[in-house]
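Please look over the protein below before reading on. The report walks through its fold and some of its details.

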Amino acid sequence: MSGCEFNIEGPSYLAGDTSIVHSFMREIKSQLQDKGFTYNDETPDFLINLHVVAFEKEVGGYTPYHIYGQENDFTPFLAEESYQYLEGSLIIDIANYKTSTVVWRSDVIGYTDSGKVFSEKTIRHVISKALRQFPPD
């Protein structure tokens, strides 16, 4: 089926990292096997298309703290804090191999838990969330 592939759009360090694609593929295969499906390159029943779109985000702000001075007064000070993370979407299409038509789609919107990378925990969580209603009843 034309265009059925794993695709990551986002910062260059993600788009060029084949290990991320392999991690997503490995987790999808694992979770489908847990659901009773068997991976078969020769005669598949369906094909999987995965599309990830990610954006770098940074959240900053100020945390109040106090320095106590003379005569029991205090002056509020603000400490600047910020952290970076990835926010994005994951779309999984499952297509009938024989007819090349999409028979099921799931999408998940979320963010990473570990800064600017997709941790194994994040990948496992997002794939589990995406495939929780597959196969449809």
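What follows goes from the whole chain to single residues.

This is a predicted model: local features need pLDDT of at least 70, side-chain atom pairs count only at pLDDT 80 or more, and totals for chains, interfaces and linings use all residues. Residues are numbered from 1 along each chain as its sequence is written, and side-chain values use heavy atoms, with hydrogens and water left out.

**The chain as a whole**

The protein chain has three helices and four strands. Their order along the sequence is β-α-α-β-β-β-α. Helices (H or I, at least four residues) and strands (E, at least two) are DSSP runs, numbered from the N terminus. The chain has 137 residues, and 28% of them count as buried. Buried means under 20% relative accessible area, exposed means over 50%, and partly exposed is in between (1.4 Å probe, protein chains only). The accessible surface is about 9,400 Å², with 50% belonging to carbon and sulfur atoms. These areas come from the Shrake-Rupley method with a 1.4 Å probe; for residues, only the protein chains shown count as cover.

Contact means heavy atoms within 4.5 Å. Of the contacts with a separation of 6 or more, 63% join residues 24 or more positions apart.

Helix H2 covers residues 18-34, which is 17 residues. From first C-alpha to last, H2 reaches 24 Å, close to the 24 Å expected at 1.5 Å a residue. That expected span is 1.5 Å times one less than the number of residues. The buried residues of H2 are Ile20, Ser23, Phe24, Glu27, Ile28, Gln31 and Leu32. Seen down the axis of H2, they fall within an arc of 160°, so they line one face of the helix. The arc is that of the directions from the helix axis to the C-beta atoms. An α-helix has 3.6 residues a turn, so residues three or four places apart point the same way.

Phe24 also belongs to the largest nonpolar core, which has 23 residues. Such a core is a set of buried Ala, Val, Leu, Ile, Met, Phe, Trp, Tyr and Cys residues joined through side-chain atoms within 4.5 Å. Phe24, Leu90, Ile92, Phe118 and Ile127 touch the most other members. H2, strand S2 (46-68), S3, S4 and H3 each supply at least two residues of this core. H3 gives the largest share, five residues. Leaving aside neighbours within four places in sequence, the contacts of Phe24 include Leu50, Val52 and Leu90.

**Charged pairs**

How many salt bridges are there? The count is three. A salt bridge is a side-chain nitrogen of Lys or Arg within 4 Å of a carboxyl oxygen of Asp or Glu.

| Pair | N to O distance |
|---|---|
| Glu120 and Arg26 | 3.7 Å |
| Glu87 and Lys57 | 3.8 Å |
| Arg105 and Asp93 | 2.5 Å |

Arg105 lies in strand S4 and Asp93 in strand S3, so this pair ties together parts 12 residues apart in sequence. Arg105 is exposed at 54% relative accessibility, whereas Asp93 is buried at 8%.

Most residues other than glycine have a negative phi, and most peptide bonds are trans. Ser100 is not a glycine, yet has a positive phi of about 60°. Ser100 sits in the loop between strand S3 (74-96) and strand S4 (102-111). The peptide bond from Phe134 to Pro135 is cis, with omega near 0°. Pro135 is in the segment after helix H3 (120-131).
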